[in-house]
Amino acid sequence: MNPERRDRLRDAAIEVLADAGGRGLTHRAVDTAAEVPPGTTKNYFPTRDALLRAVAERCLEQYRETAARLAATGLGPSGRDGLAAMLRALLENVAGPGRPRLLAYLELQAEAARKPWLSAILDPIATSDFAGFELAQRAAGLPATPQRAAVVTLALHAAIPHLLANGPQTLTAAGLDDLDRFVHGLLQAVYPEDPT
């Protein structure tokens, strides 16, 4: 099978998940999104589970590619303000270019709640987030512990669905209407600065 076409189908499936949700993920919808002849997706991924597996594996690949690019820069956040800027940029990405990928990922997580094999494919993404954010907090010079770092990571993860849904009252109630204030407040809550 053609690997380029396979990736094109997997990328199209991410778009379909983002646009139409889990119920909208059909072989026909992926064929249409990928602009390939009818039946092509079914030839590559014969069942819906095979299609879900392929999409989850593609999300994991994209996550690892992004992490590798960031690691290759060798740039860690400089101090508390540098970390806050990095976290704010990540959250801004949720409503911007990262929106389709994150919507698809959340749809996959919902499916994974009922399919343990799918959860096993997605698990390395969150696991890496916890380790990566802990390293970033240490690199910023904060007194990170696994527990403190996990609180920051969980807060970021919890913010994602609200940013995607974009409900103005919810964003205001959560403090997500001002991402700069949100990340600074989060870091202050977890790592209080000595007022002296």
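Predicted model: local features only at pLDDT ≥ 70, side-chain atom pairs only at ≥ 80, totals over all residues.
Trainee: What makes up the secondary structure of the protein chain?

Mentor: There are 10 helices and 0 strands. Reading along the sequence, you get the pattern α-α-α-α-α-α-α-α-α-α. The C-alpha trace spans about 70 × 40 × 30 Å along its principal axes, and buried residues account for 40% of the 196 residues.

Trainee: What share of the contacts with a separation of 6 or more joins residues 24 or more positions apart?

Mentor: That share is 67%.

Trainee: OK, on to helix pairs. Why are α8 and α10 called roughly antiparallel?

Mentor: Look at the angle. Helix α8 (residues 146-165) and helix α10 (residues 179-190) pack at about 155 degrees, with axes 10 Å apart. Anything over 145 degrees counts as roughly antiparallel, and therefore α8 and α10 get that label. The crossing of α8 past α10 is right-handed.

Trainee: Which residues make that contact?

Mentor: From α8 you have R148, V151, V152, A155, L156, A159 and L163, and from α10 there are L179, F182, L186, L187 and V190. Sorted by type, the contact of α8 with α10 has 11 nonpolar residues, no polar ones and 1 charged.

Trainee: And what makes α1 and α6 roughly perpendicular?

Mentor: The axes of helix α1 (residues 3-20) and helix α6 (residues 99-112) cross at roughly 80 degrees and come within 8 Å. The range for roughly perpendicular runs from 65 to 115 degrees, so α1 and α6 belong there. The contact is built from I14, L17 and A18 of α1, together with P100, R101, L103, A104, E107 and L108 of α6. Those residues of α1 and α6 divide into 7 nonpolar, no polar and 2 charged.

Trainee: How do you know that L176 is buried?

Mentor: Its relative accessible area is 5%. The cut-off for buried is under 20%, so L176 qualifies. You'll find L176 in the loop between α9 (168-174) and α10.

Trainee: What is L176 in contact with?

Mentor: Skipping neighbours within four places in sequence, L176 contacts A159, H162, L163, L171 and F182. Take A159: the residue lies 17 residues from L176 along the chain, and their C-alpha atoms are separated by 7.6 Å. A159, L163 and F182 also take part in the contact between α8 and α10.

Trainee: Does T40 count as buried or exposed, and what makes it so?

Mentor: Buried. T40 has 7% relative accessibility, and under 20% is what buried requires. T40 sits in helix α3 (residues 40-44). Leaving out residues up to four places away in sequence, T40 touches R5, L9 and D31.

Trainee: Then what makes E35 exposed?

Mentor: E35 comes out at 67% relative accessibility. Exposed means over 50%, so E35 counts as exposed. E35 is in the loop between α2 (27-34) and α3.

Trainee: What is phi for E35?

Mentor: About 55 degrees, a positive value, although E35 is not a glycine. As a general rule, most residues other than glycine have a negative phi. N166 is another residue other than glycine with a positive phi, near 60 degrees. N166 lies in the loop between α8 and α9.

Trainee: How many aromatic pairs are there?

Mentor: The count comes to 1. The pair is Y44 and F45, with ring centres 6.2 Å apart and planes at 45 degrees.

Trainee: Why is the pair of Y44 and F45 called tilted?

Mentor: There are two checks. For a pair, the centres have to lie within 6.5 Å, and for Y44 and F45 they are 6.2 Å apart. Planes under 30 degrees apart would be stacked and over 60 edge-to-face, with the rest tilted. At 45 degrees, the planes of Y44 and F45 fall in the rest, so the pair is tilted. Both Y44 and F45 are buried.

Trainee: Last one: where is P143, and what is it in contact with?

Mentor: P143 is in the loop between α7 (116-139) and α8. P143 and Y191 are 48 residues apart along the chain, with C-alpha atoms separated by 7.5 Å. R148 is also one of the α8 residues in the contact with α10.

Note on methods. Residues numbered from 1 in each chain as written. Heavy atoms only, no water. Axes fitted to C-alpha atoms, helices over the stretch in contact; angles between N-to-C directions. Helix = DSSP H or I, 4+ residues; strand = E, 2+ residues; numbered from the N terminus. Parallel < 35°, antiparallel > 145°, perpendicular 65-115°, else oblique. Left-handed = near helix turned anticlockwise from the far one by under 90°. Contact = heavy atoms within 4.5 Å. Nonpolar A, V, L, I, M, F, W, Y, C, P; charged D, E, K, R; others polar. Phe/Tyr/Trp six-rings, centres within 6.5 Å; stacked < 30°, edge-to-face > 60°. Buried < 20%, exposed > 50% of the residue type's maximum accessible area, 1.4 Å probe, protein only.
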